[in-house]
Amino acid sequence: MIEILATVNYWVTILLMMGGLYIVVAHGNMIKKLVGLGILQTSVYLLFLSPGKVLGGTAPIISEDFTVYSNPLPHVLILTAIVVGVATLALGMALVVRIHEAYGTIEDDEVHDLELDE
Amino acid sequence: MMRDTIILRVVVKLLLPAILLFALYVQFHGDYGPGGGFQAGVAAAAAIILYGMIFGISAARTVVPQRVLYMLIPLGVLIFAGTGVAGLLLGANFLDYSPLGSTAEAGQHLGILIVELGVFVTVSSSMLAIFYAFGGRAEDALAEEEPTDDGDRKGEIE
Amino acid sequence: MVVAVIGVIRARNLFVVVMFGGIYSFLMATVMVVLDAVDVAMTEAAVGAGVSTVLLLAVLGLVKTREAPLRHSPIIPLLVCLITGGALIYGTVALPPFGRADNPQNRHVAPYYLENAKHETGSANVVTAVLASYRGYDTLGEVAVIFTGGIGVLILLAAVRRRRREDDDENTDADADADSESGEEPAL
């Protein structure tokens, strides 16, 4: 039973990841792309954290009441990844603001046409 | 053109010290429970951002000026790298905190505390500086359209 | 969460899109708590559902709030996503059984950290000990990335604001600025 739930868990995570990837690739609006990038990153974190869980274990904070802990290494990596993701988002948004000021639009099709016209 | 924001103002004034206190709690209890520098930095920045959203960017700029932020952002990185170099100067490897205290364990504990403080400073001041940059842009954009508007209402993100 | 992603895909109003993104981050934080990742859940809730949503709303105040209809047919991206997803699902079949304590990923370095973190570093929170002491070099790099992000946003958004007040042809200046500073983005 756990095996089936775990497999479905991985599949749903990959479904969410592909949803985020689709938003980044298919939509032209830059803010939607940034939100899609965030969705992609967050589902990758989930994919990373799921194998680290130990059934019957607890959060990796040492105390006398518990003996089995979940794996702390993915937590460390994902913590770094979240913070790097927000830095990327901030820089992306700054670029969106500047593009909007330079071209008047944030759809990449229209920016492409404006570039071709110049 | 004051809308009915009296509830928001009162609630924010009550919540602001609670959020900052919670941020400090999370920062210094990172050793004994969940927490650490990143969570605390983001929470502290969120407190000032909340203040800036309700009372205007100029009010937030009076509380935490831009120049202070310019000094704080590299200060955190300096604290972190400085701790590593201090370990180097005292004879151990780079970022080895053992020689900082009387025993190896005390040195490590002290090193972790200092390093998390550096992380807290850089993360909170960075988030706040980013918010000021975007908010300042909004202020300028609105100022160019309507030069007769006052400064406070433009800070509120619609 | 699947509903939130579908909402992001289908919504035209960008405010709704940002709100769905925030909902997704918050639900993800809840799932992370179930997976015993409490530090990560706190950071994800604070950063993803908090700061990211606020900054996106701040940007929305500066640009338009509706999305134009799609001009290209979305068939090719859909195919790319399906093929990539299929390859990844094929890869997850080879993952070890879920949640067992003797999985290969739980046997390599993690037992050493779990046993020795308390008396070598004096910290009961193993994640903080690993982050700040055992893997401190990575955390130094991460703080440098946050520093670069903050400085980059300040350069992109604060400098031109002063110049806009001084001279009139701001578009040429903005274009020159964007051209000369676009080289620092790939570093992230």
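The crossing of H1(A) with H4(C) is right-handed. Please bear in mind that this is a predicted model.

Which residues meet here? On the side of H1(A), they include A:Tyr10, A:Trp11, A:Ile14 and A:Leu15. On the side of H4(C), C:Pro77, C:Leu78, C:Val80 and C:Cys81 are among them. By class, the residues of this contact comprise 15 nonpolar, three polar and no charged.

I turn now to chain C as a whole. Chain C has eight helices and zero strands, and its pattern along the sequence reads α-α-α-α-α-α-α-α. Of its 188 residues, 39% count as buried. Among the contacts in chain C with a separation of 6 or more, 36% come from residues 24 or more positions apart.

Finally, I come to chain B. Here 42 residues of chain C are in contact with 49 residues of chain B. Which elements of chain C give two or more residues to this side? They are helix H3 (38-60), helix H5 (110-121), helix H6 (126-134) and helix H7 (136-166). H7(C) gives the most, with 15 residues. The side of chain C that touches chain B divides into 25 nonpolar, 14 polar and three charged residues.

Definitions and conventions: Residues are numbered from 1 along each chain as its sequence is written. Chains are lettered from A and ligands numbered from 1 in the order in which they are written. This is a predicted model: local features need pLDDT of at least 70, side-chain atom pairs count only at pLDDT 80 or more; totals for chains, interfaces and linings use all residues. Two residues are in contact if their C-beta atoms, placed from the backbone, lie within 7 Å. Helices (H or I, at least four residues) and strands (E, at least two) are DSSP runs, numbered from the N terminus. Ala, Val, Leu, Ile, Met, Phe, Trp, Tyr, Cys and Pro count as nonpolar, Asp, Glu, Lys and Arg as charged, and the others, Gly among them, as polar. A residue is buried if 20 or more other C-beta atoms lie within 10 Å of its own, exposed if 12 or fewer, and partly exposed in between; C-beta atoms are placed from the backbone. A crossing is left-handed if the near helix is turned anticlockwise from the far one by less than a right angle, and right-handed if clockwise.
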